[in-house]
Amino acid sequence: MLSALALGVLVLVTFVSTTLATSGRYFSTVQDGADGGVLRTIASPFPGAHYTVPIWVSLLPLVVSAVLVLRLILRRRPSDDPQDILLRRRSSTSVLGAVVLACALTLVPVAGLMVMRLASAPGQGTGLALALAGPGALVGLLALPAGLAMVVFPEVVARRSGAADGPVPEIAVRGHGPAAAQGTR
């Protein structure tokens, strides 16, 4: 859930920043001056396409790898070990934690740079983007310790997430497990 939230916020923030920076490198506003002239303000560096496209090129293999690894974890043949479900949760928690950590480490500087540039830019049209970038930076800051915990302490996170499901059930595999020990098939 957290990885999807971090990834979704990153997509939204980078899309808005790319849209605002039409040149790809800076954000500019045009405003009517007090003397009837035109006042143009440029804020650079700004996370436009020159910054966000390389981010997505580097994050795409991570997301594809994570999906493939999660698929492998889910399709792995169940064992008769009662800890099998915990081990699967632990493995998937580590993989998702890496995605959360990568998204958070990317989101904090991108959204932070947007907030810094938009807060100082006069003109119209910056309010909505600033309203998005601020919470985006906050999501990134909150996701950093969560992603780090998911990577460093996956067993603790996996046990807490599985606590609501109840005890780990025993898995009966043909010829193994409790049913095979009793002589029934």
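Modeller: A nonpolar core is here a set of buried Ala, Val, Leu, Ile, Met, Phe, Trp, Tyr and Cys residues joined through side-chain atoms within 4.5 Å. Buried means under 20% relative accessible area. The model is a predicted one, and what follows should be read with that in mind.

The setting comes first. The chain has six helices and two strands, arranged along the sequence as α-β-β-α-α-α-α-α. Of its 185 residues, 30% are buried. Among contacts with a separation of 6 or more, 72% are between residues 24 or more positions apart.

Now the core itself. The largest nonpolar core has 24 residues, and the members that touch the most others are Val 13, Phe 46, Leu 107, Met 114 and Leu 118. Two or more residues come from each of helix 1 (2-20), helix 2 (49-75), helix 3 and helix 4 (126-152). Helix 3 gives the largest share, nine residues. As a general point, nonpolar side chains in soluble globular proteins tend to be buried together.

Leaving aside residues up to four places away in sequence, Met 114 touches Val 13, Val 16, Ser 17, Leu 20, Phe 46, Pro 47, Ala 129 and Ala 133. Two of these contacts, Val 13 and Phe 46, are themselves among the members of the core with the most partners.

Helix 1 can be taken next. Its 19 residues reach 27 Å from the first C-alpha to the last, close to the 27 Å expected at 1.5 Å a residue. The buried residues of helix 1 are Ser 3, Ala 6, Val 9, Leu 10, Val 13, Thr 14, Val 16 and Ser 17. Of these, Val 13, Val 16 and Ser 17 are in contact with Met 114. The general rule for an α-helix is 3.6 residues a turn, so residues three or four places apart point the same way.

Helix 2 has 27 residues, which should span 39 Å at 1.5 Å a residue; its end C-alpha atoms are 38 Å apart, in agreement with that. Thr 52, Ile 55, Leu 59, Ala 66 and Ile 73 are buried in helix 2, and the cover over its buried residues includes helix 1 and helix 3.

Thr 106 is found in helix 3 and counts as buried because its relative accessibility is 15%, below the 20% cut-off. Outside its sequence neighbours up to four places away, Thr 106 touches Leu 10, Ile 55 and Leu 59. Leu 10 is one of the buried residues of helix 1, while Ile 55 and Leu 59 are buried in helix 2. A polar atom of the Thr 106 side chain also lies 2.7 Å from the backbone oxygen of Ala 102.

In general, side chains of opposite charge can pair when their charged atoms come close. The structure holds three salt bridges. In one of them, Arg 88 pairs with Asp 84, with the closest N and O atoms 2.9 Å apart. These two residues are four apart in helix 3 (residues 84-120), so about one helical turn separates them. Both Arg 88 and Asp 84 are buried.

Arg 90 counts as partly exposed at 33% relative accessibility, as does Glu 155 at 31%.

Glu 155 also forms a salt bridge with Arg 159, at 3.2 Å from N to O. Glu 155 and Arg 159 are four residues apart in helix 5, so they too are separated by about one helical turn. Arg 159 is partly exposed, with a relative accessible area of 46%. Through shared partners, Arg 90, Glu 155 and Arg 159 are joined into one network of salt bridges.

Note on methods:
Residues are numbered from 1 along each chain as its sequence is written. This is a predicted model: local features need pLDDT of at least 70, side-chain atom pairs count only at pLDDT 80 or more; totals for chains, interfaces and linings use all residues. Side-chain values use heavy atoms; hydrogens and water are left out. A salt bridge is a side-chain nitrogen of Lys or Arg within 4 Å of a carboxyl oxygen of Asp or Glu. Buried means under 20% relative accessible area, exposed over 50%, partly exposed in between (1.4 Å probe, protein chains only). Contact means heavy atoms within 4.5 Å. The expected span of a helix is 1.5 Å times one less than its number of residues. A polar contact is a pair of N or O atoms within 3.5 Å; within protein, one must be able to donate a hydrogen and the other to accept it, and residues adjacent in sequence count only if both atoms are side-chain atoms.
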